[in-house]
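The model is predicted.

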Amino acid sequence: MDCHVFDGTFQGTTTYLKGIYSKFILDDNYHFFLTSNNATFLKTVFGDRDNVTYLQYKFTNKFARLLYDIPALIHQYKIDFAHFQYIVPPIKNCKFIVTIHDILFMDFPEYFPLSYRLRNAMLFKRSALKSDIVLTVSEFSKEAIQKHFKINQVTVTPNAVDPIYFEPYDKVAVKTNVYLKYGLKDYWIYVSRWEPRKNHVSLLKVFVENDYYKDYSLVFVGNEAIEDKKYSNYYEALPTDIKSKIKTLRNIDFSDLVLVVKGADLSVYPSFAEGFGIPPLEALAAHVPSICSNTTGMSDFTFMKSMQFSPDKMSEMKSSIETNLNCPFDNEVLHQMEEVYNWDLSVLKLKLAIERLGASSSSH
């Protein structure tokens, strides 16, 4: 498994790989080679097991990794299957598995630079066609990949929620810890990197224009990826007293992320377009009232129908906030979520795809 994503900041692909392979490596019928530029750190993530070997890349440059490092390691260790995220190497000397989490830039080009769209349309399609197993994380992304890349066989291995979010906790104690660390008391949270498609500005407008700032703070958690000028212009025009109720947390580690999610009074996820969208489910697992958009990958969350809204209609967002903010928690919703989104099920789907391919190869 190419684990170079663990060398950078925490993101959706690291959640996905950690979730699937933390479960998959428990199967001693397979031997796993996990490779990054920091094998020591990888070992802290996945643990010490007899059927896991940690390897170190020689190069930090992504082109050198794809051109030289990976083909050499595959040859040296006689690898049967190599798993990549989005882009596979140009040299193929074993069976490839690729997870293409989304191709949103093809259906929502207005949110992505032209150079990004042109480059990745070519690279992602080439990777999908070159791979023996193509995975994605939602039915929405599967349909998009099939439509744009003309590939019939795509397996959905959904994201799931880290077990730490399900652990029981003392809400008062968590809120106290959040206040001591970040100075926050009663607050809403939106966990996402910053891009125009993430629709931070609509949430901010609903928060300000309905006077929610009088009782709550609004907390954005995530780093900036693409500048959102609409948000910046609206925010800069706000009075100082309202700005003081809006806080952005960047570069926080996983333990702090879990802390601030559990301490929230409401989680809002108003994104226009997502390949999946895990934060609404993480908040739900932590028994935090959670509302989100009803579009793209999030349309798969059928158990959250009463908690969803159209992201381009601020009136619907406000109505969903009012309905769910102080609503008693529905354990049945949580049960339905766990049935569909769990790592055991995703691992099973991946194993079946590998075994089918192995059986097919051995029969020829």
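## Second largest pocket

Four elements, α1 (12-24), β1 (32-36), α3 (62-76) and β3 (81-85), each contribute at least two residues to the lining of the second largest pocket. This pocket holds about 500 Å³ of space. Its lining has 25 residues, and those closest to the centre are Met1, His31, Ile79, Phe81 and Ala82.

By class, the lining of the second largest pocket consists of 19 nonpolar, three polar and three charged residues.

## Helices α7 and α11

Helix α7 (residues 171-182) packs with helix α11 (residues 254-262) at an angle of about 120 degrees, and their axes are 9 Å apart. Angles of 65 to 115 degrees would count as roughly perpendicular and those over 145 as roughly antiparallel, so α7 and α11 are oblique to each other. The crossing of α7 and α11 is left-handed.

On the α7 side, the contact involves Lys171, Val174, Asn177, Val178, Lys181 and Tyr182; on the α11 side, Asp256, Leu259, Val260 and Lys262. These residues comprise five nonpolar, one polar and four charged.

## Helices α8 and α13

Helix α8 (residues 200-209) and helix α13 (residues 314-324) have axes 10 Å apart and pack at an angle of about 60 degrees. That angle makes α8 oblique to α13. Here α8 passes α13 in a right-handed crossing.

Ser202, Leu203, Lys205 and Val206 of α8 make the contact with Met314, Met317, Lys318 and Ile321 of α13. The contact of α8 with α13 contains five nonpolar residues, one polar and two charged.

Key:
Residues numbered from 1 in each chain as written. Predicted model: local features only at pLDDT ≥ 70, side-chain atom pairs only at ≥ 80, totals over all residues. Heavy atoms only, no water. 1 Å grid on protein atoms, 1.4 Å probe; cavity = no way out; pocket = protein on both sides within 12 Å on 5 of 7 lines; lining within 4 Å. Points joined across faces, edges and corners; volume = space filled by probe spheres on them. Nonpolar A, V, L, I, M, F, W, Y, C, P; charged D, E, K, R; others polar. Axes fitted to C-alpha atoms, helices over the stretch in contact; angles between N-to-C directions. Parallel < 35°, antiparallel > 145°, perpendicular 65-115°, else oblique. Left-handed = near helix turned anticlockwise from the far one by under 90°. Contact = heavy atoms within 4.5 Å.
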